[in-house]
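The sequence and structure are shown first.

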Amino acid sequence: MHNSVQLDPGLPPPPARIVQLAGQCLDNIDGLIGDWLEMVRPVRTSYADRVPDTQFRDSAWQAFELLLRTVAQLPVPPHIAGVSERVGEERARQGVPLDSLLAAAHLDFRVVWQALVRRAAPQDMAELVGSAYHVWEAVEGHVTGIMTAYQRTVLEMGRLEEDERRMWFARLLESEGRNPTVVRDAGLALGFSGDGQFLSAASSAAAGPELRGAAMALRAAGAPVQQQMVGGDAVLVVQLSDRTTRDDVLGHLDGSPCGVAPSVTGLAAVPRATVLAVSTAQVLPPDARSPHLLEDSWLDVLAHRAGSFGRELAADVLGGLKVPGVTRNEAERLLETVRTHLCGSGSIAETADALYCHRNTIQHRFARFHELTGRDVRRPDDAALLAVALRMR
């Protein structure tokens with residue numbers, strides 16, 4: 001086992017008398033532990049219920065034996081050598097605060113130093129004071145070993161927890177919310193309420209950093225959040241509340257090119273909302289720099305999801321513009337007129353103003369378009385088909 005407590009080989013070793021005193025202290029480790037327990041009691045109150053007394057004493061015994069053997073220049077048995085790392089790992093898993101743990105470990109110096117002072121003769125004091133660095137260095141090596149193992153364990157635990165969250169979110173999506181057991185267990189793992197209200201957003205992998213930034217900000221504000229990659233898309237799900245409203249989430253998403261589905265009630269509805277958010281993200285304009293709501297993107301989503309059927313629809317509805325006698329300029333002018341009309345209020349006067357034309361010109365173009373395609377933009381059914389066909393085109 002690696003020993004993290006080692007004296008600096010570049011410095012002179014402790015004087016022989018100090019080495020002798022440290023070795024003598026090994027005979028009274030019980031007394032040292034008693035002194036240490038008195039000192040550490042105020043620090044330990046914050047985590048006394050998390051670490052059993054026997055474990056607390058055992059690790060203290062091993063720590064003091066390690067420190068004294070190091071100062072005394074004695075061999076360190078393998079089961080003692082790794083005590084710093086074991087304490088750091090165990091206390092991390094037990095949820096002991098790191099600052100309290102390190103404060104308790106630093107008290108080791110006072111205990112060891114007092115033990116050496118009690119055993120020293122008056123003529124030893126000069127050498128003892130000069131050797132304080134050796135004792136402090138041994139304690140600092142022990143503290144560093146604890147801290148390093150603690151932080152490493154916390155990172156590993158965080159990765160394991162995040163892996164578990166990702167796994168349960170994936171299972172929730174795969175179940176499509178139809179398995180009540182999966183929905184319940186996923187809610188527990190993710191920290192979501194089964195009957196809560198949720199908002200789903202999605203973006204391309206390239207825009208994932210912006211979505212992650214929003215997730216971090218929302219999590220810091222106390223909102224239950226899950227953000228991860230699903231296939232090639234970055235997905236964010238937020239549980240809404242009085243403190244975290246839909247508008248709050250959209251505010252955090254400002255500047256993020258993403259698709260946002262309508263909010264849903266119940267965790268079982270999240271898989272479907274996530275599909276809708278991804279579908280919205282897939283039809284974002286190339287220059288998008290902000291969230292796009294599904295309610296404003298339905299036609300684009302439908303056209304995209306229609307696939308080959310949509311292309312066939314466009315060919316059928318707009319194919320008349322490609323017949324002989326129709327120039328490309330005329331076809332584009334007719335399409336521009338129809339598109340402008342559909343994107344506006346449906347008013348011929350408004351369309352004429354937008355295109356800087358007379359109303360009669362617009363009427364003539366509609367009549368020509370009807371003649372070529374068989375579709376009248378002023379009829380609701382035809383207008384719906386044309387809206388989809390234009391997006392497919």
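## Nonpolar cores

The largest nonpolar core has 46 residues, and the members touching the most others are Trp-36, Phe-64, Leu-68, Leu-101, Val-112, Leu-116 and Val-135. A nonpolar core here is a set of buried Ala, Val, Leu, Ile, Met, Phe, Trp, Tyr and Cys residues joined through side-chain atoms within 4.5 Å. Buried means under 20% relative accessible area, exposed over 50%, and partly exposed in between, with a 1.4 Å probe and protein chains only. At least two residues of this core come from each of α1 (16–25), α2 (29–44), α3, α5, α6 and α8. Helix α6 gives the largest share, twelve residues. A second, separate core holds 24 residues, including Ala-202, Val-237, Val-264 and Ala-273.

The model is predicted: local features need pLDDT of at least 70 and side-chain atom pairs count only at pLDDT 80 or more, while totals for chains, interfaces and linings use all residues. Residues are numbered from 1 along each chain as its sequence is written, and side-chain values use heavy atoms, with hydrogens and water left out.

## Helix α3

Helices (H or I, at least four residues) and strands (E, at least two) are DSSP runs numbered from the N terminus. The end C-alpha atoms of α3, a helix of 19 residues, are 27 Å apart, which agrees with the 27 Å it should span at 1.5 Å a residue. The expected span is 1.5 Å times one less than the number of residues. Gln-73, which follows α3, has a positive phi near 60°.

The buried residues of α3 are Phe-56, Ser-59, Ala-60, Ala-63, Phe-64, Glu-65, Leu-66, Leu-67, Leu-68, Thr-70 and Val-71. They pack against α1, α2, α4 (78–81), α5, α6 and α8. Phe-64 is in contact (heavy atoms within 4.5 Å) with Ile-29, Leu-32, Ile-33, Trp-36, Asp-108, Val-111 and Val-112, leaving aside neighbours within four places in sequence.

## The cavity

The structure holds one cavity of 30 Å³ or more. On a 1 Å grid over the protein atoms alone, a cavity is a set of points where a 1.4 Å probe fits but cannot get out, whereas a pocket is an open set with protein on both sides within 12 Å along at least five of seven lines; lining residues have an atom within 4 Å of a point. Grid points are joined across faces, edges and corners, and a volume is the space filled by probe spheres set on the points.

The largest cavity has a volume of about 150 Å³. Its lining comprises 14 residues, with Trp-36, Ser-59, Val-87, Leu-101 and Ile-146 nearest the centre. Helices α3 (53–71), α5 (83–94), α6 (98–119) and α8 each supply at least two of the lining residues. By class, the lining of this cavity has ten nonpolar, two polar and two charged residues. In this division Ala, Val, Leu, Ile, Met, Phe, Trp, Tyr, Cys and Pro count as nonpolar, Asp, Glu, Lys and Arg as charged, and the others, Gly among them, as polar.

The largest pocket contains about 280 Å³ of space. Of its 15 lining residues, Leu-318, Leu-321, Lys-322, Leu-335 and Arg-393 lie nearest the centre. Two or more lining residues come from each of α14 (308–318) and α15 (328–343). Eight residues of this lining are nonpolar, two polar and five charged.

The second largest pocket has a volume of about 170 Å³ and is lined by Leu-173, Glu-176, Val-230, Pro-271, Arg-272, Thr-274, Val-275 and Val-278. Helix α12 (residues 270–281) gives the most to this lining, with five residues. Ten of the twelve residues of α12 are buried, among them Pro-271, Thr-274 and Val-278. From first C-alpha to last, α12 reaches 16 Å, close to the expected 16 Å.

## Individual positions

Ser-131, in the loop between α7 (125–130) and α8 (132–175), is buried with a relative accessible area of 1%. Beyond residues up to four places away in sequence, Ser-131 touches Pro-15 and Ile-18.

Asp-287 is found in the loop between α12 and β6 (292–293) and is exposed, at 58% relative accessible area. Arg-359, in helix α17 (residues 359–373), counts as partly exposed at 45% relative accessibility. Arg-359 touches Ile-348, Ala-349 and Ala-352, not counting residues up to four places away in sequence. Arg-359 and Ala-22 are 337 residues apart in sequence and 104 Å apart in space, C-alpha to C-alpha.
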